[in-house]
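Please find below some remarks on the model under review.

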Amino acid sequence: MAKYEKYTEYQDSGVEWLGEIPSHWQASYVGVLSDVIDPQPDHRAPAISEDGEGFPYIGIRDVNKDGTLNFETARPVEESAVLKQERSFTIEPHNIIFCKVGTLGLPRKIIPHGRCALSATLVLIKARKINSQFLLYALDSDCIISQTNFLATGSTRAALGIQQIRKFRIPFPPLLDQLAIANFLDHETAQIDTLIAKQEKLIELLKEKRQAVISHAVTKGLNSDVTMKDSGVEWLGQVPEHWKCIKIKHITTTFEQGWSPQCDSRPAESHEYGVLKVGCVNGGSFRSSENKALPPELEPRLQYLIQKDDLLISRANTKELVGSASVVNGDYPNLILCDKLYRLRFSKNVLPEMVSLYLSIGAVRKQIELGATGASHSMQNIGQDTIKELYYLLPPYEEALNILESIKQSNQKFDELTKKAESAIQLMQERRTALISSAVTGKIDVRNWQNPNHNNNEANTELGA
């Protein structure tokens, strides 16, 4: 921050989280400068619309960075949930949401377009004596992050009480300073956000390219000159002539569903048995830590102990994750298959890693989704036949080994590029937070800053704007 000027005089704010602030500033409370509203004060979950045609129940993940709402991801609720909130408050332009349960913070202005209900995990903040854009940045600064981390409670899900949020200490500069800081940060964070968006786009492109490489390798092979034949399966099209197109049920020696005992919520320790959770297969890599401890008074069903090279497939999961698969990558003598997972074992000439990759490609995922049952917005299920009746492309064993090695090498390259992009995003996010924190707490003086884009509109000078 060396290129920015400092204020000429500072005073001790008397607040640990703020430190010194400019001498003509004050320290105040979020609840004094704004209305902080709990949208669901009784904490009763609203009725979910059974036909999926209700009104969106908005959580923090359903609000885009620009404040618009993503109705596709929001759970649908009955109109009664909306009416209940509409009787207590309205959502207006420049209102701010702040997450108080789960991933805390993430303040965003909310721009509703249509009727909706706010989740009990949020608070709605209406600026009254302070410029709302300055307040938005103050809520996104280190001084609030520090207070959030200090005050949060909960061992499994972090949480803040609404009174704690109302008592958040924030700097309160004169209105002209607020507007200058908001204008400065609007410009500077927009530039940083553009750079972050480019890196995020790069990560998405790398993800798409990685999947395209896998899809081509497991359905066409590595030899571009190989003779092709019609697979006889419309959604597979042309395949290498010497590969077998065979249903999965004809290459499995074991296909079974696991056990469903009442388990503890904590993971199993090394001397205990653990029952796998369905999330152990999410992302394509087996995660042994995704398990629940089996109570010692329950006798473990040892026939469901997993083994190295078992292929696990999620039987019941969300629409995006149902049918996810991964291969057990080692020996885990204390982990037991759960009832939401299928376990597949194969004939000697079949590599489970190849089957796992095959199940991840777009054409196969589409077939799995078509076979799934259950509401699209909640848990879905796939029966054994959905997997058993899938056509699989079986290359010769040695060729399959070469394909796996080629995919491994290409994935390493994609991983390296992805890590570089993620590191760049992390650095830019840290820079963004540091810049916001320095500006809203008066560590830098931006009152004389001039927007290089002279066509920009002047900031709205109303307090709540």
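1. Y57 has A117 of β9 as its opposite residue. Two bridges link β9 to strand β5 (residues 55-58), and these strands run parallel. Strands here are DSSP runs of E of at least two residues, and helices are runs of H or I of at least four, numbered from the N terminus; two strands pair if DSSP finds at least two bridges between them.

2. The model is a predicted one, in which local features need pLDDT of at least 70 and side-chain atom pairs count only at pLDDT 80 or more, while totals for chains, interfaces and linings use all residues. Residues are numbered from 1 along each chain as its sequence is written, and side-chain values use heavy atoms, with hydrogens and water left out.

3. The open sheet comprises three strands in the order β6-β5-β9, with mixed pairing. β6 (75-77) and β9 (117-118) are at its edges, each with a single partner strand, so one side of each is left without a neighbour in the sheet.

4. Helix α3 (residues 132-139) and α6 have axes that come within 8 Å and cross at roughly 65 degrees (axes are lines fitted to C-alpha atoms, for helices over the stretch in contact; angles run from 0 to 180 degrees between N-to-C directions). This crossing of α3 and α6 is left-handed, that is, the near helix is turned anticlockwise from the far one by less than a right angle. Q133, F134 and Y137 of α3 make the contact with Q178, I181, A182, L185, D186 and T189 of α6, contact meaning heavy atoms within 4.5 Å. By class, the residues of this contact are five nonpolar, three polar and one charged (Ala, Val, Leu, Ile, Met, Phe, Trp, Tyr, Cys and Pro count as nonpolar; Asp, Glu, Lys and Arg as charged; the others, Gly among them, as polar).

5. For helix α6 (residues 175-220) and helix α7 (residues 352-360), the axes come within 9 Å and cross at roughly 120 degrees. That angle makes α6 oblique to α7. The crossing of α6 and α7 is left-handed. Q211, I214, V218 and T219 of α6 meet M354, L357, Y358 and S360 of α7; the residues of this contact are five nonpolar, three polar and no charged.

6. A salt bridge joins the side chains of K207 and E204 (3.5 Å, N to O). Both K207 and E204 belong to helix α6, where they are three residues apart, about one turn of the helix. The structure holds 21 salt bridges, each a side-chain nitrogen of Lys or Arg within 4 Å of a carboxyl oxygen of Asp or Glu.

Terms used: Parallel < 35°, antiparallel > 145°, perpendicular 65-115°, else oblique.
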